[in-house]
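Subject: Structure handover

Hello,

Please find the structure below, followed by notes on what was found in it.

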Amino acid sequence: MRKIYLVPALVGLLTSVSAGPLAAQGAVPKQKAATAPRAAAGAAPAAAGTPVAAGATSAAAAETAAPDDKSKAIDSKAIDGFRSAKFGMNEADVRAAIAKDFGAKPDAARAQDNASELTHSLLYSAPELLPNGGTAELSYVFGYKSKSLIQVGAVWSKGTDAAITPEKLFSNANILRAHFLSEGFKPDSIAVNMPVNGGIVMFRGSDAKDRSVILLLQGTFENKDNNQRVLTPTSLLLFYVADAKSPDIFKLPPGQF
């Protein structure tokens, strides 16, 4: 059974772009491989121990990339979980939420424990979570101390759907990125099309309480003509996180070793 090790990696994805907003560097092509954006002068360096970004543009460029229609104000986005499953719910409530959202039996989700983080998860396979997007595996993660919902993840890959293709992963990523860009996240929290080790952060944004959404397209990079790095995707990961900077997972107390 595949183990869930999601929360710590998200801390790096947040802190690596904490210096300011990043702008879109053009739509990801809807073909098998995507060219990674090139590094921009003056891009903020990644924090120590976090994935290193290959390129980022400035906040000023973001203004030119976004639609210039200030007459349509967007309400501030609040992230409280995923669909009927809300942060802070216990396992029984989340099972009921899964049953409500997907018409599933309360025991349809299977349990899984994480031996290193000492968290507990529920896993559920959701066909067509995104219309025509293939089957995704949902993971509902409960905190080490709180025993309540702290994170919801969705994964699309060959492991969740044998028929999924790189083109489908690109399509799903583009649809979700466009959706999140219209949702009204804090402007200074938004990052798009940011290469990291093993993939591209298609979108990252936070609400007023620093609860976050992260959309990560993973795959393998190859060096092509003109020193362009091209990504062939193998999976698409979507996370809703209550507190990515200080997750409720087991950590050794200082001074014990």
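Pro-127 sits in the loop between β5 and β6 (136-142), where helices (H or I, at least four residues) and strands (E, at least two) are DSSP runs numbered from the N terminus. This is a predicted model, in which local features need pLDDT of at least 70 and side-chain atom pairs count only at pLDDT 80 or more, while totals for chains, interfaces and linings use all residues. Residues are numbered from 1 along each chain as its sequence is written, and side-chain values use heavy atoms, with hydrogens and water left out.

Pro-127 is exposed, at a relative accessible area of 58%; the classes are buried under 20%, exposed over 50% and partly exposed in between, with a 1.4 Å probe and protein chains only. Its C-alpha atom is 8.8 Å from that of Asp-161, which is 34 residues apart from Pro-127 along the chain.

Two residues in strands are buried. Leu-237, in strand β11, has a relative accessible area of 9% and is therefore buried. Ser-212, in strand β10 (residues 212-223), counts as buried at 1% relative accessibility. The side chain of Ser-212 makes a polar contact with the side chain of Ser-206 at 2.9 Å (a pair of N or O atoms within 3.5 Å; within protein, one must be able to donate a hydrogen and the other to accept it, and residues adjacent in sequence count only if both atoms are side-chain atoms).

Aromatic rings

The whole structure holds 7 aromatic pairs (rings of Phe, Tyr and Trp, the last by its six-membered ring, with centres within 6.5 Å; planes under 30 degrees apart are stacked, over 60 edge-to-face and the rest tilted). One of them is the tilted pair of Phe-102 and Tyr-124, with 5.2 Å centre to centre and 35° between the planes. This pair links distant parts of the chain, 22 residues apart: Phe-102 is in helix α3 (residues 91-102) and Tyr-124 in strand β5 (residues 119-126). Phe-102 is partly exposed at 21% relative accessible area, whereas Tyr-124 is buried at 11%.

Phe-180 and Phe-203 form a stacked pair, 5.4 Å centre to centre and 25° between the planes. Phe-180 is in helix α4 and Phe-203 in strand β9 (residues 199-206), so the pair ties together parts 23 residues apart in sequence. Both Phe-180 and Phe-203 are buried. Ring pairs join Phe-82, Phe-180, Phe-185, Phe-203 and Tyr-240 into a cluster.

Separately, Arg-229 lies over the face of Phe-221, 4.2 Å from the ring centre (NZ of Lys or CZ of Arg within 6 Å of the centre and within 35 degrees of the ring normal).

Second largest pocket

The second largest pocket has a volume of about 300 Å³. On a 1 Å grid over the protein atoms alone, a pocket is an open set of points where a 1.4 Å probe fits, with protein on both sides within 12 Å along at least five of seven lines, and lining residues have an atom within 4 Å of a point. Of its 18 lining residues, Phe-82, Leu-176, His-179, Phe-180 and Tyr-240 are the closest to the centre. At least two lining residues come from each of β2 (81-82), α4 (166-181) and β11 (229-241), and α4 gives the most, with 4. The lining divides into 12 nonpolar, 2 polar and 4 charged residues (Ala, Val, Leu, Ile, Met, Phe, Trp, Tyr, Cys and Pro are nonpolar; Asp, Glu, Lys and Arg charged; the others, Gly among them, polar).

Regards

Technical notes:
Points joined across faces, edges and corners; volume = space filled by probe spheres on them.
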